[in-house]
Amino acid sequence: MDKKFEGIYSNGKKLFTQNLVCGAKVYGEKLVVEDGNEYREWNPFKSKYCAAIANGLKDNVFEKGRVILYLGSAEGTTVSHVSDLVGSEGVIFCVDLSEIAMQKLNALAKVRENIFPILSDAQKTDNYSEYLDEGVDVLFQDVSQRNQVEIFLKNAVFLKKGSFGVLSLKTKSISQSKGKKQILAEETAKLEDVFTIEQIVSLEPFEKEHYLILVRKK
Amino acid sequence: MDRKRLREKLMKKTQTEIAENLAGAEVHIIKAVKLISDLDAVSNLLKENVIDWEKRNPGEGAIKMLDQLKQNQISIETEKQELTNFIEKEMDKELPVFASVAGAVLGAKILAQAGSKKRLAFLPASTVQLLGAEKALFNHLKKQGQCPKHGHLFNHPLIQKLPKQKRGKAARILAGKLAIAAKMDYFGSTTDIDLLGDAEKKIANL
């Protein structure tokens with residue numbers, strides 16, 4: 001295994017994270033043991049962040065011990081890999097409004113102690129602001145709503161200055177008639193007051209018409 | 001609050017909220033819309049009684065009873081209106097997308113027929129199309145009579161206005177959108193799609 005970033009490994013063909021809970025699979029992924037370490041295969045077709053890494057994301061924002069605010073955690077597929085990356089000292093506040101998905105995430109939280117589940121609409125920041133007093137090190141968002149960018153900006157208040165934000169932009173959710181490049185330009189422009197744009201990565205061929213936008217809070 | 005306690009508190013809170021939300025708040029909508037149907041039946045019975053009794057030259061004592069009957073009938077109408085208001089509010093909370101396409105009361109009737117929000121979400125569009133026409137449907141399946149083309153949907157404004165020949169196709173189009181709407185409401189999606197507008201356009205092109 002080669003180290004691609006701290007915590008993210010590659011065997012030349014696939015990407016992996018080191019398993020925080022050895023022996024346990026989360027969603028049926030492949031487990032590989034090498035030199036006494038156990039790795040979980042990371043599927044870029046299932047995880048947008050993994051797709052971005054595969055497509056040349058320049059930095060891994062999920063470092064050990066970091067505090068993450070993850071909007072749109074769903075059933076926890078990507079969250080489980082973030083959990084591997086931030087380790088037992090890290091904290092992932094997971095926000096999702098689907099009860100069905102949150103049931104699965106709550107079950108995952110029982111096994112992984114760095115997962116903090118919150119059932120809420122990400123637009124209703126008052127629901128969870130009390131837990132984020134100390135600010136978070138990373139704001140990650142993957143929700144397919146028309147006002148994705150507005151939600152991201154609303155939650156930016158929790159992000160520490162100078163820290164990374166990651167926005168998965170689904171252009172089809174915003175407009176079905178405008179071109180993806182136009183939508184990307186328009187939505188990215190909305191971020192420039194609060195953030196500096198560090199990098200934009202297209203997620204093709206893993207996701208169509210999706211971009212991952214890496215930003216830093218000013 | 002230290003992390004461990006915060007985490008346990010959050011897990012417990014999430015668990016409770018999930019249980020509450022999934023406990024079927026829509027059961028109240030179903031009760032309310034069924035009650036409206038029952039009240040309708042009662043109201044009609046009272047009206048008929050009043051009309052019939054009045055024809056038979058009631059004396060002083062009987063007129064008092066008639067007045068009371070009329071009062072009751074009016075309060076039932078008021079109650080029906082309040083139930084309708086309640087249904088509109090609750091449908092907007094529980095099934096906002098579905099209500100925006102079907103209308104609150106009609107949507108509630110379809111929901112009641114399906115039994116629950118979850119059952120409604122998992123129904124194929126063809127079933128949604130025929131909810132309310134069970135008598136005709138099973139009659140047809142027993143080899144008697146034509147297959148019904150619409151159930152409760154028949155009363156939807158988009159379908160009512162159409163000539164007979166177009167109603168079946170319109171019902172199918174609308175049912176398709178309703179099936180999507182039910183799934184959006186159950187799984188909590190708030191993607192901005194104009195399902196009613198799409199249906200209107202397609203129906204206009206029939």
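Architecture of chains A and B in the predicted model

Among contacts in chain A between residues at least 6 apart in sequence, 58% join residues at least 24 apart, a contact being scored when the C-beta atoms of two residues, placed from the backbone, lie within 7 Å. The model is a predicted one, in which local features need pLDDT of at least 70 and side-chain atom pairs count only at pLDDT 80 or more, whereas totals for chains, interfaces and linings use all residues. Residues are numbered from 1 along each chain as its sequence is written, and chains are lettered from A, with ligands numbered from 1, in the order in which they are written.

Chain A contains 6 helices and 12 strands, these elements being DSSP runs numbered from the N terminus (helices, H or I, at least four residues; strands, E, at least two). Of the 218 residues in chain A, 44% are buried; a residue is termed buried if 20 or more other C-beta atoms lie within 10 Å of its own, exposed if 12 or fewer, and partly exposed in between, with C-beta atoms placed from the backbone.

An open sheet of 5 strands in chain A has the order E1-E2-E3-E5-E4, with antiparallel pairing, where two strands pair if DSSP finds at least two bridges between them. Its edge strands, each pairing on one side only, are E1 (2-5) and E4 (31-34) of chain A, and the twist from one strand to the next averages 40 degrees. Within this sheet, strand E3 (residues 15-18) of chain A is joined by 4 bridges to strand E5 (residues 37-42) of chain A, the two running antiparallel, and Phe16(A) has Glu41(A) of E5(A) as its bridge partner. Helix H2 (residues 77-86) of chain A packs on the sheet, where it touches E3 and E5 of chain A, and its direction makes about 55 degrees with that of E3(A); axes are lines fitted to C-alpha atoms, for helices over the stretch in contact, and angles run from 0 to 180 degrees between N-to-C directions.

The largest nonpolar core has 63 residues, and those with the most contacts inside it are Ile68(A), Tyr70(A), Ile92(A), Phe93(A), Cys94(A), Val138(A) and Leu212(A); such a core is a set of buried Ala, Val, Leu, Ile, Met, Phe, Trp, Tyr and Cys residues joined through C-beta atoms within 7 Å. Helix H1 (residues 48-54) of chain A contributes the largest share of this core, 6 residues. When residues up to four places away in sequence are not counted, Leu212(A) touches Lys48(A), Ala52(A), Leu57(A), Val166(A), Ser168(A), Val201(A) and Leu203(A). A second, separate core of 40 residues includes Leu95(B), Ala114(B), Ala171(B) and Ala181(B).

Lys48(A) and Ser168(A), together with Gly72(A), are also touched by Asp142(A), again not counting residues up to four places away in sequence. Asp142(A) is found in the loop between strand E9 (136-141) and helix H4 (148-155) of chain A, and it is buried, with 22 other C-beta atoms within 10 Å. Although Asp142(A) and Lys48(A) are 94 residues apart in sequence, they are 8.3 Å apart in space, C-alpha to C-alpha.

Chain B, by contrast, has 11 helices and 0 strands, and 29% of its 206 residues are buried. Among contacts in chain B between residues at least 6 apart in sequence, 55% join residues at least 24 apart.

Within chain B, 11 of the 11 residues of H5(B) are buried, so that this helix is largely enclosed by the rest of the structure. The cover over its buried residues includes H2, helix H3 (60-94), helix H4 (96-102), helix H6 (117-122) and helix H7 (125-130) of chain B. Helix H2 (residues 27-55) of chain B and helix H5 (residues 104-114) of chain B pack at an angle of about 105 degrees, with their axes 9 Å apart. H2(B) and H5(B) are therefore roughly perpendicular to each other, a description applied to angles of 65 to 115 degrees, with those under 35 counting as roughly parallel, those over 145 as roughly antiparallel and the rest as oblique. Ile29(B), Ile30(B), Val33(B) and Lys34(B) of H2(B) make this contact with Val105(B), Ala108(B), Lys109(B), Leu111(B) and Ala112(B) of H5(B). H5(B) is followed by Gly115(B), whose phi is positive, near 110 degrees.

Between the chains, 19 residues of chain A are in contact with 16 residues of chain B. On the side of chain A that touches chain B, helix H3 (99-111) and strand E8 (115-119) of chain A each supply at least two residues, and H3(A) gives the most, with 6 residues.
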